Amino acid sequence: MRRRQQPPLPKRHGLDPARLRLPEEGDWATIRDHLVERLPRVRPERIDELLREGGIVDLDGPITLDTPYLPGGAVWFHRDLPVEFEVPFPIEIVHRDENILIVDKPHFLSTIPRGQHILQTALVKLRRDLDLPDLVPAHRLDRVTAGLVMFIVDPARRGAYQTMFHNRLVHKEYEAIARFDPELELPRTVISRIVKERQVLRAYETDGEPNAETLVELLEHRDGLARYRLRPRTGRTHQIRLHMNGLGIPILGDDFYPELTDKPVDDYTRPLQLLASGLEFVDPLTREPRRFETRRTLQAWHDPDGWATGN
């Protein structure tokens, strides 16, 4: 296996620097000229500032405003961070050993850095708070979904655990709260084809070869609401949310299905009532059977009025 090149800049906020490979062909006089063209969202003045500060480097050290362009070379730098709202909910540690870390992620916290969520993500917070700079995720949850997420402590062992997820050797369980439909026959297995296009927020179901499968079970119901257990056999984007919506019982608090709702990123009321409640697998390194369960509950079930009013 080809070893990953070690960045010449240290991590910042638990994040590796960005790496840009310089094209083999090009007529730029300096690396600075190339960066101005390559990074149109970054003001040229900001690029110049980084160069003067020594914030852009190659394998030989900081480059300057006048460093000649080097075809096929590479440069590293830390991107400027977006303005973020603090997610004021704790991450709970469920299990930690030399190989893996299992956490209970709160609603509204992204698993990994992406887009406008960088520091306010589970990965960055855990790397910093637990002093685990090499921590990597084995899988991920949507920002609005709460519950169990597995991280790998030693990146050298990442392949074994990620392969376990890829080969569907991890049994996942979820809970969801949605309206109760007495006419809906459950349990049932929902099978469909789900497509998620890049740069499009919502996924959708369409005709074609199925690629998504979810077992839906009714656990209990009262006062027009029901608590459901969901066991996905596949891991398509928004799979559970789409399958519940397709059954006519969209999950409470879903701002994507059936209708896209523009909810401010710092509005932490009425969270999606979806919880990753269980992970079960045979550890690929120790061969021990493992079972982890969430300690969280869904508010709309035990406090429906509080959930509905955003309290």
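Reply: Start with Ile93, which stands opposite Val103 in strand 6. Keep in mind that this is a predicted model: local features need pLDDT of at least 70 and side-chain atom pairs count only at pLDDT 80 or more, while totals for chains, interfaces and linings use all residues. Residues are numbered from 1 along each chain as its sequence is written, and side-chain values use heavy atoms, with hydrogens and water left out.

Strand 5 and strand 6 run antiparallel and are joined by 4 bridges (two strands pair if DSSP finds at least two bridges between them). They make a hairpin, with 3 residues between them. The numbering of elements goes from the N terminus, with helices (H or I, at least four residues) and strands (E, at least two) taken as DSSP runs.

Strand 5 (92-96) and strand 6 (100-105) are among what covers the buried residues of helix 3, and so are strand 7 (136-137) and strand 8 (146-152). Helix 3 (residues 122-129) is mostly covered, with 6 of its 8 residues buried (buried means under 20% relative accessible area, exposed over 50%, partly exposed in between, using a 1.4 Å probe and protein chains only). The buried ones are Ala122, Leu123, Val124, Lys125, Leu126 and Arg127, a list that has Lys125 and Arg127 in it along with Leu123 and Leu126. After helix 3 comes Asp131, whose phi is positive, near 55°.

Now for the part before the hairpin. An open sheet of 4 strands has the order 1-4-2-3, with antiparallel pairing. Strand 1 (18-21) and strand 3 (61-62) stand at the edges with a single partner strand each, so one side of each has no neighbour in the sheet. For strand 1, the pairing with strand 4 (residues 74-77) is antiparallel and spans 4 bridges. If you want a landmark there, pick Arg19, whose bridge partner in strand 4 is Trp76.

Helix 1 (residues 31-38) lies across strand 1, strand 2 (56-58) and strand 4, and runs at about 110° to strand 1 (axes are lines fitted to C-alpha atoms, for helices over the stretch in contact, and angles run from 0 to 180 degrees between N-to-C directions). Helix 1 also packs on helix 2 (residues 44-53), at an angle of about 140° and with the axes 10 Å apart. Helix 1 and helix 2 are therefore oblique to each other (angles under 35 degrees count as roughly parallel, over 145 as roughly antiparallel, 65 to 115 as roughly perpendicular and the rest as oblique).

Which residues meet there? From helix 1 come Arg32, Leu35 and Val36, and from helix 2 come Pro44, Ile47, Asp48 and Leu51 (contact means heavy atoms within 4.5 Å). By class, the contact of helix 1 with helix 2 has 5 nonpolar, no polar and 2 charged residues (Ala, Val, Leu, Ile, Met, Phe, Trp, Tyr, Cys and Pro count as nonpolar, Asp, Glu, Lys and Arg as charged, and the others, Gly among them, as polar).

Leu39 sits in the loop between helix 1 and helix 2. Is Leu39 buried or exposed? Leu39 counts as buried, because its relative accessibility is 12%. Leaving out residues up to four places away in sequence, Leu39 touches Leu20 and Phe77. Compare Gly54, in the loop between helix 2 and strand 2: Gly54 counts as partly exposed, because its relative accessibility is 26%.

In strand 12, Leu215 is the bridge partner of Thr189. Leu215 also stands opposite Arg231 in strand 13. Strand 12 and strand 13 (residues 225-232) run antiparallel with 8 bridges, and they form a hairpin with 2 residues between them, where Asp223 in the turn has a positive phi of about 50°.

Last stop: Pro289, found in strand 15 (residues 289-293). Pro289 counts as exposed, because its relative accessible area is 71%. Apart from neighbours within four places in sequence, Pro289 is in contact with Phe281 and Val282.
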